[in-house]
Amino acid sequence: MTSTVERTDGAAIGRSDRRKEDGRLLTGRTNWTDNIQLPGTLHMATLRSSVAHARITRIDTSAAAAAEGVFAVYTGADFPDLLGTTCVWPVTDDIKTATMPAICSDKVSFAGDVVAIVLATEKYLAVDALDLIDVDYEPLPAVVDMEKALEAGSTNVHEDFGTNQCFTMNVPWGDYAAAKAKADVVVTRRFINQRLIPSPMEPRSVVAAPMGMSDEITIWTSTQIPHVLRVLLALLTGINENNLRVVAPDVGGGFGAKLQINREEVLSVVLAKKLGRPIKWTEGRSEHMVSTHHGRDQIQDIEIAATSDGTILGLKVDLKADMGAYLQIITPGTPLLGMFMYSGIYKMDALDFTCTGVYTNKTPTDAYRGAGRPEATYAIERIVDELAHELGMEPLELRKKNWIKHEEFPYTQIAGLTYDTGNYEAATARAVELFGYDELRAEQAARRASGDKVQLGIGISTFTEMCGLAPSRTLGALKYAAGGWEHCTIRVTPTGKVELVTGTSPHGQGHETAWSQIASDIIGIPVEDIEVVHGDTGRAPYGMDTYGSRSLAVGGQAIKAAGERVVEKARLMAAHQLEVSPDDIEFSHGTFSVKGDPEKSTTIQAVAWAAFTAHNIPDDMEPMLAGESTVDPQDFSYPHGTHLAAMEVDTETGMVTLRKYVAVDDCGVQVNPMIVEGQVHGGLAQGIAQAMFEGALYDADGNLLTASMGEYLLPSASDLPSFITDRTVTPSTTHPLGTKGIGEAGTIASTPAIINGVVDALRPLGVNDVFMPASPQNVWRAIQTAQNGGAA
Amino acid sequence: MIPSAFDYVKAATVDEAVAALAEAGEDAKVLGGGQSLLPVLRLRLNAPTVLVDVSGIDEMRSVADEGGSLLIGAAVTTYEVMNDAGIKASVPLLAQTAGLVADPAIRHRGTFGGSCTHADPAGDLPTVARALDAEFVIAGPGGRRTVGASDFFVDYFTTAVGPDEVLVGVRVPKLDGWGAHYEKFHRTAQAWAIVGVAAAVKVEGGSITGARIALTNVGPTPVRASSVEAALVGGPATVEAITAAAQNAADGTSPTSDTHAAADFRTHLAKVLTGRAVAKAAGL
């Protein structure tokens with residue numbers, strides 16, 4: 001079900017235009033990075049550590065260097081001071097920052113760490129030569145378990161730190177001890193947000209090439225962040241930023257995995273400059289799974305305090321977050337992105353938040369769709385269900401009792417965020433109606449009464465999130481190294497076409513279509529005449545790129561402001577040409593007309609031509625019609641929604657089946673409802689996948705056991721039901737277009753909905769938690785444990 | 001990943017394939033649909049020097065009706081097994097199971113013979129062959145020989161087919177008047193079976209008069225559930241009797257633990273799923 005809106009007022013915003021970019025994306029007739037072939041290219045292959053933790057005692061590259069087609073073999077000794085990545089978010093003053101070398105020289109810290117690289121004239125020959133490199137490792141104990149890592153006497157991932165504790169941050173809002181002292185009920189639970197492997201369809205790929213006689217190096221890379229990457233590459237390599245041009249060609253998905261600066265990018269740039277030849281590297285899927293950053297991986301100790309009538313008093317959150325072996329771009333900040341969201345949509349007097357980052361000999365973690373907010377939402381939505389169970393209350397009723405009522409907005413919640421708008425009542429009412437809530441509860445009761453081997457559970461998630469990162473000064477206060485602004489330039493060409501230059505960098509989101517719709521409404525030029533330019537620092541020099549559901553929420557504001565500047569200038573031009581005062585000009589759908597004399601008019605296209613010829617423009621006006629804007633957002637935006645899942649659980653086999661899923665989201669004004677629908681569907685699939693299918697597993701020696709898609713299960717369409725979706729619309733009051741983010745909402749909301757449903761199905765058997773993913777074995781074990789007397 | 005270099009020989013006849021293998025020596029591998037072999041090569045788990053492609057050999061691409069049995073060419077694709085009118089009519093268990101193998105793309109490339117000779121313990125089609133006592137026609141330098149299913153599957157990824165031999169076809173008996181069902185337990189549509197059960201039963205006058213049952217992924221090879229069969233035959237075709245008989249399903253199994261399931265869970269599943277497979281085969 002979709003809620004596509006066909007508008008009759010001629011406005012483009014709100015119209016489900018087909019995506020302009022899909023023709024080339026779906027047919028593949030476009031430039032993915034790996035399609036780029038330059039003469040003289042040297043292909044890079046990486047030799048990765050086969051062990052998680054070891055000293056490198058000897059490395060012999062002579063046979064590889066002598067092999068057919070091999071141009072060079074490099075080890076850490078060749079680049080002793082070159083770092084492979086950098087962390088832009090040192091979250092505390094006393095954080096211990098483990099830096100990742102571009103190539104390891106004396107020791108390796110995770111299975112997948114790079115120990116050598118081969119450059120060869122063909123990719124196949126480069127990979128063949130890897131087999132000829134001989135490395136001797138002196139194994140060290142692998143640090144795999146976060147809690148053991150924090151014990152005294154543990155092996156340390158980085159010996160010079162003397163600890164595996166990366167940082168600890170405690171932020172008390174309100175007085176939790178006082179809140180707890182007033183409580184009738186205190187519920188504690190330990191939730192595990194398992195490690196996930198972000199899996200975009202296109203793996204990482206980079207081509208770095210010196211350009212002709214200039215000093216410029218162009219880097220084509222499958223990234224979400226060409227602008228940020230350019231700055232970081234300049235800082236890490238020492239190459240003048242003006243000589244680095246970063247291009248994100250069409251990018252096949254990211255989900256946070258491409259919000260990163262990677263050692264392969266750094267090495268490609270350095271080698272292209274050193275050798276004067278193009279360097280190309282594309283990872284394989286198995287290589288991706290061990291070397292591209294992972295997501296989630298938190299132990300969450302959660303305590304909630306409430307009165308017997310169900311009033312929530314306070315929440316205590318104690319997290320251990322696995323950093324992996326090194327800090328990458330926002331590794332330590334990722335769990336903290338959820339810090340403000342643990343209270344969810346609920347009012348409470350206290351929130352005590354603690355997070356400890358822990359080093360282990362595993363692939364580094366970093367942002368993955370939702371980044372911190374899925375973990376927070378999982379914790380609060382799970383613990384609220386547990387509280388409802390303890391109190392014997394209907395879980396929806398408990399939520400209604402505690403959530404912020406629609407008339408209470410704007411509402412400053414316990415962590416200090418001011419939610420501008422929201423209507424949890426409306427979204428929940430619609431979801432309950434679409435779901436057939438009462439009928440399913442009746443069926444559940446019947447199955448329980450008959451002892452059906454297939455039990456039914458109803459999972460609830462009433463979530464909100466913060467997106468559109470963020471006012472720059474807020475980011476600065478959080479020790480984040482960059483700002484949160486966004487840029488747009490709109491140029492109207494002499495023939496009346498539009499070049500819209502955005503600093504956002506789409507990798508599947510449909511910006512070319514949605515940005516055209518926004519601009520079209522403002523400047524009155526049809527969407528088909530608008531070209532959106534993005535992802536190339538040569539053509540779009542300013543931007544903060546795409547992540548955190550920020551592109552529309554922040555970038556959309558810049559489009560609006562730039563468009564209004566175009567219209568402002570065009571109005572002066574039109575008034576000059578029509579020989580009236582600018583105050584007497586009306587503008588509608590691309591036409592400037594004189595108030596009271598509509599026959600007297602001109603079009604914005606005609607104005608653009610006049611601005612180009614500049615034969616007759618006002619004395620104090622510059623030629624050409626363009627406008628630009630760099631906007632720092634006033635605040636985050638807070639989309640919300642109510643998701644309901646009907647889960648069938650086969651109590652004999654542990655098999656979980658998602659029977660019905662309803663998602664009612666409120667993302668404010670929808671620019672293109674079809675694109676919103678797509679974001680919701682994809683987000684749901686990803687969040688449901690965490691709950692039911694995905695999970696990275698390591699053995700005791702730190703080897704990734706789920707290093708192929710045979711072991712790491714991703715759902716396909718056939719594993720998911722048809723989602724039932726709808727939207728309520730509560731426009732944001734802090735965002736000029738009334739929009740909020742939608743890129744991550746489905747992922748954030750759906751994971752707890754699924755697990756709440758599974759646990760609800762199994763309550764009669766004494767189960768109060770199921771480890772994710774809710775695989776048959778995990779569910780069966782939870783049942784066995786509960787039946788044998790203990791909770792899971 | 002990308003494979004090491006290898007030579008490629010496309011054989012037009014079985015004799016040509018056998019000759020090519022003899023010439024290449026023990027580092028040669030037979031290539032059917034490539035759905036198991038190519039991932040092995042790309043992950044560099046194996047590096048054969050010669051691939052002998054048998055997918056275009058006419059004799060191996062057809063299904064022959066021999067009266068009481070069907071001789072299914074080893075290079076017949078899984079998709080063709082799924083849709084072949086003769087197989088659907090006479091060995092519906094095989095057609096049903098073929099439809100549960102992996103995904104449509106793999107079913108169109110992968111072959112029945114390839115699945116059997118690859119002998120992955122998680123493969124579905126070998127289990128059906130074992131349950132039905134299929135016969136395997138193997139060609140080698142010394143001519144042709146026939147091996148029964150009980151001797152064909154030797155160990156993990158190991159069959160009776162020698163390095164210089166080619167599996168030509170699989171003879172599957174028709175089971176007229178039998179009910180059959182393959183119960184595949186897996187987490188996503190494309191995933192391997194955690195446990196699978198192939199069951200064929202004959203029900204006459206409310207009693208089970210014949211039973212053929214084999215299990216997937218509970219040992220190094222497909223495991224014939226002989227003690228379940230013995231417990232079923234002569235008993236009533238009721239859910240209760242079948243469930244009781246299925247408690248013997250773990251006999252003869254030696255399940256291993258992997259990322260999807262530990263051995264004890266596989267043992268539990270073997271019993272539950274055997275009961276369900278037999279009940280469905282019996283029309284209950």
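Author: Helices (H or I, at least four residues) and strands (E, at least two) are DSSP runs, numbered from the N terminus. This is a predicted model, in which local features need pLDDT of at least 70, side-chain atom pairs count only at pLDDT 80 or more, and totals for chains, interfaces and linings use all residues. Residues are numbered from 1 along each chain as its sequence is written, while chains are lettered from A and ligands numbered from 1 in the order in which they are written.

Reader: Which residues of α6(A) are buried?

Author: A residue is buried if 20 or more other C-beta atoms lie within 10 Å of its own, exposed if 12 or fewer, and partly exposed in between, with C-beta atoms placed from the backbone. In α6(A), the buried residues include P226(A), H227(A), V228(A) and L229(A). Their cover includes β11 (244-247) and α7 (263-275) of chain A, where contact requires C-beta atoms, placed from the backbone, within 7 Å. By contrast, α13(A) is hardly covered, with 1 buried residue among its 14.

Reader: Which residues have the most contacts inside the largest nonpolar core?

Author: In soluble globular proteins, nonpolar side chains tend to be buried together. A nonpolar core is a set of buried Ala, Val, Leu, Ile, Met, Phe, Trp, Tyr and Cys residues joined through C-beta atoms within 7 Å. The largest has 332 residues, and I117(A), I754(A), V758(A) and V278(B) have the most contacts inside it. Helix α16 of chain A, residues 551-578, provides the largest share of this core, 11 residues. Beyond its neighbours within four places in sequence, I754(A) is in contact with residues including G459(A), A645(A) and M647(A).

Reader: How many residues does each chain bring to the contact?

Author: Chain A brings 23 residues and chain B 17 residues. On the side of chain A that touches chain B, α3(A) gives the most, with 4 residues.

Technical notes: Two residues are in contact if their C-beta atoms, placed from the backbone, lie within 7 Å.
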